[in-house]
Amino acid sequence: MRIGITCYPTYGGSGVVATELGIELAALGHEVHFISYSQPFRLTGREAGIFYHEVPVSNYPLFEFPPYDLALASRMAEVAEYYKLDLLHVHYAIPHSVAALLARQMLAERGKRLPFVTTLHGTDITLVGMDRSYLPITRYAIDQSDGVTSISAYLKGVTETSFGVKRPIEVVHNFVNCDVYKPFTDAEARMTARRRFAADDEFLLVHLSNFRPVKRVTDVVEVFAQIADQVPAQLILIGDGPDRSTAEWLSHTLEIQDRVHFLGKQDRVNELLPLADLMLMPSEMESFGLAALEAMACQTPAIATRVGGVPELITDDVDGMLFEIRDVDGMAAAAIALLMDRERHEVMRKAARKTAQDRFCSTKILPRYIEFYESILAGE
Ligand code: GMT
């Protein structure tokens with residue numbers, strides 16, 4: 001197949017899923033065309049079978065708000081025609097599904113077909129889509145999509161009940177490549193790599209996000225402060241975003257700044273996640289929690305919140321632990337108890353990897369997307 005993919009190319013779960021999907025599809029021999037305003041951050045530009053088409057956005061002084069959506073729709077239609085795309089797959093409804101709808105209509109005028117699939121990722125529905133100014137057009141574009149997938153049963157439910165969409169929604173969970181996200185096989189090599197952040201007798205905790213308020217990064221720092229008060233530990237924070245400076249300020253206020261390492265945005269998180277003993281993901285909302293899945297595949301279980309689609313990924317006390325939002329004390333106490341119990345920690349580490357492998361490995365999820373594309377193309 002020749003597939004066009006549009007996503008937010010910056011640091012965020014939907015862009016990661018879209019990019020990893022493109023990489024996996026290309027590895028299976030499909031031709032993938034990314035259409036966006038910049039190259040998705042996990043692409044190197046050297047992958048065989050993957051092409052990137054930048055969307056130029058004109059900056060004419062009259063435009064206080066440059067019309068990216070229109071430029072995107074034009075580029076989608078052009079790329080689809082020039083490269084004979086079979087379908088478009090847009091990630092994050094706003095504004096991508098509206099742009100895809102316009103592109104489909106533009107080509108239909110000329111007797112050409114361009115079905116499109118919309119994948120809902122979370123904040124496109126739970127935050128942005130429920131804003132009154134976006135709701136009607138988001139609902140319309142979802143209903144007009146040739147196929148709709150959501151990354152969790154939770155998100156499907158929210159979309160159906162709060163948006164009242166009529167189009168059936170297929171749940172296709174987030175996935176991870178378990179050959180790329182994997183634990184170290186050599187314990188000595190892991191210890192050597194880990195010494196960059198922690199001494200051999202210290203625990204290492206990790207957080208990975210875009211530091212938006214929904215991630216509650218200050219809870220990460222507070223949980224860690226309690227852990228570090230009881231056991232020797234270090235924390236690495238991967239990513240960047242609006243709440244980073246508040247988190248930095250808090251780590252100084254709590255006088256743990258020497259144990260907290262802000263690494264900023266990192267390309268190869270698969271090299272960092274297996275170094276950690278535990279992940280902290282105390283989010284206010286996660287429609288799925290891709291960061292926790294990536295950590296689990298690396299044998300790093302997560303202490304997370306029981307929100308959104310997270311319980312579809314983590315089974316409490318088996319392959320991770322779940323708490324109520326803001327339960328800083330509960331998360332800290334559980335982390336300390338787990339870290340002190342080597343045997344239980346080891347069992348949980350293995351269970352986390354097993355969950356990732358058995359249920360969310362790209363080898364299991366990719367065929368679902370491909371079958372979905374095929375059913376849409378066959379239904380035309
Ligand atoms: O979490 C974010 O702020 C980024 C957001 C996105 O759309 O880029 O992530 C969402 O999509 C991810 C991939 O499908 C999910 O794993 C995240 O749980 C989801 N985030 C939220 O629902 C807050």
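This briefing walks through some strands, a ligand site and one annotated span of the structure above. The structure is a predicted model, where local features need pLDDT of at least 70 and side-chain atom pairs count only at pLDDT 80 or more, while totals for chains, interfaces and linings use all residues. Residues are numbered from 1 along each chain as its sequence is written.

- Helices (H or I, at least four residues) and strands (E, at least two) are DSSP runs, numbered from the N terminus.
- Strand S2 spans residues 31–36, and five of its six residues are buried; buried here means that 20 or more other C-beta atoms lie within 10 Å of a residue's own, with C-beta atoms placed from the backbone.
- Strand S1 (residues 2–6) pairs with S2 in the parallel sense over four bridges, and two strands count as paired if DSSP finds at least two bridges between them.
- Within that pairing, isoleucine 5 has phenylalanine 34 in S2 as its bridge partner.
- S2 also pairs in the parallel sense with strand S3 (residues 50–54), over five bridges, and here isoleucine 35 has histidine 53 in S3 as its bridge partner.

- Strand S5 (residues 116–120) pairs with S6 in the parallel sense over four bridges, with threonine 118 opposite valine 148.
- S6 pairs with strand S7 (residues 169–171) in the parallel sense too, over three bridges, and threonine 149 has glutamate 170 in S7 as its bridge partner.
- From S6 the chain crosses through helix H6 (residues 153–163) to S7 in a right-handed β-α-β crossover; right-handed means that, with the strands pointing away from the viewer, the path from the first strand over the helix to the second runs clockwise.

**The ligand site**

- The ligand is surrounded by 21 residues, and the closest are Gly12, Gly13, Ser14, Gly122 and Leu290.
- The ligand lies between domain 1 (2–175 + 361–378) and domain 2 (187–359), because both give residues to the shell around it; the domain bounds come from an automatic or database domain assignment.

**An annotated span**

- An unreviewed UniProt entry carries the annotation "domain: Glycosyl transferase family" for residues 198–354, and such annotations may be inferred rather than shown by experiment.
- The span of residues 198–354 is 39% helix and 18% strand, and its end C-alpha atoms lie 26 Å apart.

Key
Near = placed C-beta within 6 Å. Buried ≥ 20, exposed ≤ 12 C-beta atoms within 10 Å, placed from the backbone.
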